[in-house]
Amino acid sequence: MWPDERVVRFVNENFLAARVHPRETPDLFKKYSERYSAQWTPIVLALDPERAEHSRIEGFLPADDFLGQLMLGWARLAFDAGQWAEAERRYREIVETLPNTDAAAEALYWAGVAPYKGTGDPKSLKATGEAFKQRYQTTAWAKKASVWT
């Protein structure tokens, strides 16, 4: 399904993948495209066991960027479940392993938010705001974090 072995491994280890092809299964595709407002293909959704959407990727991306977006979806599942330490760990993994992707700046932001959500201690927000002064300064995520310093 995906040509990059890292993507295949990540999906197999962390998701239950299902493929719905518009030409091969048009009725099923129509059902799910309506349910999830899918306007474009390919679309990858990170759903929880109740089929609630937590993340989406629309269109094609280079392998590193696609993997980063998949990892963001995986981290978001933990975040939305209130698993703050696990969410932080997953977000930090993106920053460490894929630092040159668009996902990395977003991951850095949420890696600072997750411990704050868990403890209420703003130290992680301040540290994250400071980290943005060194990395990803021109991103919207840096602007969002700028109020923390």
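**Contacts and helix packing in a predicted model**

Visitor: Which residues does H21 touch, not counting residues up to four places away in sequence?
Guide: This is a predicted model. Contact here means heavy atoms within 4.5 Å. With residues up to four places away in sequence left out, H21 touches P26 and F29.

Visitor: Which backbone nitrogen lies 3.0 Å from a polar atom of the H21 side chain?
Guide: The cut-off for a polar contact is 3.5 Å. A polar atom of the H21 side chain is 3.0 Å from a backbone nitrogen. That nitrogen belongs to R23.

Visitor: How many helices and strands does the chain have, and in which pattern?
Guide: The secondary structure comes to seven helices and two strands. Read along the sequence, the pattern is α-α-β-β-α-α-α-α-α.

Visitor: Are α3 and α4 roughly parallel or roughly antiparallel?
Guide: Helix α3 is residues 63-80, and helix α4 is residues 84-97. Their axes are 7 Å apart, at an angle of about 165°. Angles over 145 degrees count as roughly antiparallel. Therefore α3 and α4 are roughly antiparallel.

Visitor: How do the residues of the contact of α3 with α4 divide into nonpolar, polar and charged?
Guide: From α3 come G68, M71, L72, W74, A75, R76, A78 and F79. From α4 come W84, E86, A87, R89, R90, Y91, E93, I94 and T97. The contact divides into ten nonpolar, two polar and five charged.

Visitor: Is the crossing of α5 and α6 left-handed or right-handed?
Guide: Helix α5 (residues 102-119) packs on helix α6 (residues 123-134) at about 165°, with the axes 8 Å apart. The pair is therefore roughly antiparallel. The crossing of α5 and α6 is right-handed.

Visitor: How many charged residues are in the contact of α5 with α6?
Guide: On the α5 side are A105, L108, Y109, G112, V113, P115 and Y116. They meet S124, L125, T128, A131 and F132 in α6. By class, this contact has nine nonpolar residues and three polar ones; the number of charged residues is none.

Visitor: What percentage of the chain's residues count as buried?
Guide: The chain has 149 residues. Its C-alpha trace spans about 50 × 30 × 25 Å along the principal axes. Buried means under 20% relative accessible area. The share of residues that count as buried is 36%.

Note on methods:
Residues numbered from 1 in each chain as written. Predicted model: local features only at pLDDT ≥ 70, side-chain atom pairs only at ≥ 80, totals over all residues. Heavy atoms only, no water. Polar contact = N/O pair within 3.5 Å; in protein donor to acceptor, adjacent residues only side chain to side chain. Axes fitted to C-alpha atoms, helices over the stretch in contact; angles between N-to-C directions. Helix = DSSP H or I, 4+ residues; strand = E, 2+ residues; numbered from the N terminus. Parallel < 35°, antiparallel > 145°, perpendicular 65-115°, else oblique. Left-handed = near helix turned anticlockwise from the far one by under 90°. Nonpolar A, V, L, I, M, F, W, Y, C, P; charged D, E, K, R; others polar. Buried < 20%, exposed > 50% of the residue type's maximum accessible area, 1.4 Å probe, protein only.
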